[in-house]
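Open the model in your viewer and keep the selection panel at hand.

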Amino acid sequence: MTQDSQQIFLDPAIRDWVLIPIMLVMVLVGVLRHYATQLLTSVPKGNFKGVRESAALMRARTLRSPAGSVLTYEAFQARVRYLAAAFEKGTYLKNPNASATPANPMSDPAGMEAMMEMLKKNMAMIVPQTLIMSWITFFFSGFVLIKLPFPLTLRFKAMLQRGIETADMDVTWVSSLSWYFLNLFGLRSIFTLILGQDNAAGTDMNQMNMMGGMMPGQGATQPMQQPAEVLNMFKSEKEFLELAQWESALKGVEIRVLEMYGVREPTISLTEKKRL
Amino acid sequence: MSPPTTPSIISLPRFSPHATRTNLATLQYARSSLAFVSGGAAGILGLHGWLHGFLFYLASSLALSLMLWAKAGFKTTKYFATPDVLWVNEVAGNAFSYLLFWTLAYGLVHVYD
């Protein structure tokens, strides 16, 4: 399957009226979807108790992170005791009387809102893609559009050469629908370049992961959380707090200061090596 | 979070979440540009076949990583939580963009004369 095994000359009009327009339309639809999503997404309603709930978790995480070492031992212990007791009693819970059984998300207005958000996002995704796909299959089927620079197995022939009933043609010659799919998956980086990191334009597989791992403490942005789940988070946070270690930030400070100003030879300790 | 075997808590690196996210966004931006540029270059050069195309993509990704590594003063953990982020993050995610621009440039230069 060498490059010159088949030579097909394509009309430049196909390039001008099919190849480039499809790409342009998909970029513009992506940009449009980004802004439409921004318009459709309503600002999550601020809830004092919800914010307090997530802020308490965030505070506990900060306390047991290395940042807690700036406190004195007494202050650290006092905060740990206070927060652990509060988590135990559930002082900061948004809804202290919530039953442990998960409530029906349909009956909860907050859950309803979150589901509407998801529905809106999905609609903004599916509707334009369906429209573009039917536009392409309606107008641009039945001819070869471009040659892929990489070989594919014969298995893909039926999919990539839809509407071209030529048994012997190389699989690398593909029709407009495969150009559409290539655009669908490949334009993500272009959207990143023109719309920024957190755009809502393309099929973002990464965005899902990012949302999950961005900031665990931002409970206010996750309205789908169940009360029982938060209770468990409080319980585990309490255990983490009780295990939290403290060490004064001033420990060995004279050595570090001398090293910083070059008076003393830096001692490459185990942690230093890890940092390099 | 902090096992008892940790030698010293205070020497553990601390990251500002905002700064970490900014660094990741910068990396993503660089990688996106790289997918765009290297795809175009591969197409104009007329590379064909999975092997050549992907060797070219991997080589250019590695070159970008090396440049960023030098830019970071050869200390990746100063800017990212784990050292592998600089080398592998978003390389696979932008491979589709590379394919798209490879195909586009190849088609424009070598198919439509």
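Select A:Trp179 and B:Phe101. Of the 37 residues in the largest nonpolar core, these two touch the most other members. A nonpolar core here is a set of buried Ala, Val, Leu, Ile, Met, Phe, Trp, Tyr and Cys residues joined through C-beta atoms within 7 Å. Buried means that 20 or more other C-beta atoms lie within 10 Å of the residue's own; 12 or fewer is exposed, in between is partly exposed, and C-beta atoms are placed from the backbone.

H4(B) gives the most, with eleven residues. Helices (H or I, at least four residues) and strands (E, at least two) are DSSP runs numbered from the N terminus.

This is a predicted model: local features need pLDDT of at least 70, side-chain atom pairs count only at pLDDT 80 or more, and totals for chains, interfaces and linings use all residues. Residues are numbered from 1 along each chain as its sequence is written, with chains lettered from A and ligands numbered from 1 in the order in which they are written.

Next, zoom in on B:Phe101. Which residues is B:Phe101 in contact with, leaving aside neighbours within four places in sequence? They are B:Ala35, B:Phe36, B:Gly39, B:Gly40 and B:Gly43. Contact means C-beta atoms, placed from the backbone, within 7 Å.

Show H1(B) with H4(B). They pack at about 30°, axes 7 Å apart. Axes are lines fitted to C-alpha atoms, for helices over the stretch in contact, and angles run from 0 to 180 degrees between N-to-C directions. The pair is therefore roughly parallel; that word covers angles under 35 degrees, while over 145 is roughly antiparallel, 65 to 115 roughly perpendicular and the rest oblique. Among the residues that meet are B:Ser32 and B:Ile44 in H1(B), and B:Ser97 and B:Val109 in H4(B).

The axes of H1(B) and H2(B) come within 10 Å and cross at roughly 140°. These helices are therefore oblique to each other. Pick out B:Leu34 and B:Ala42 in H1(B), then B:Phe56 and B:Leu64 in H2(B), which are among the residues that meet.

Finish on chain A. Select its eleven helices and two strands. Buried residues make up 23% of its 276 residues.

How values were computed:
Contact = placed C-beta atoms within 7 Å.
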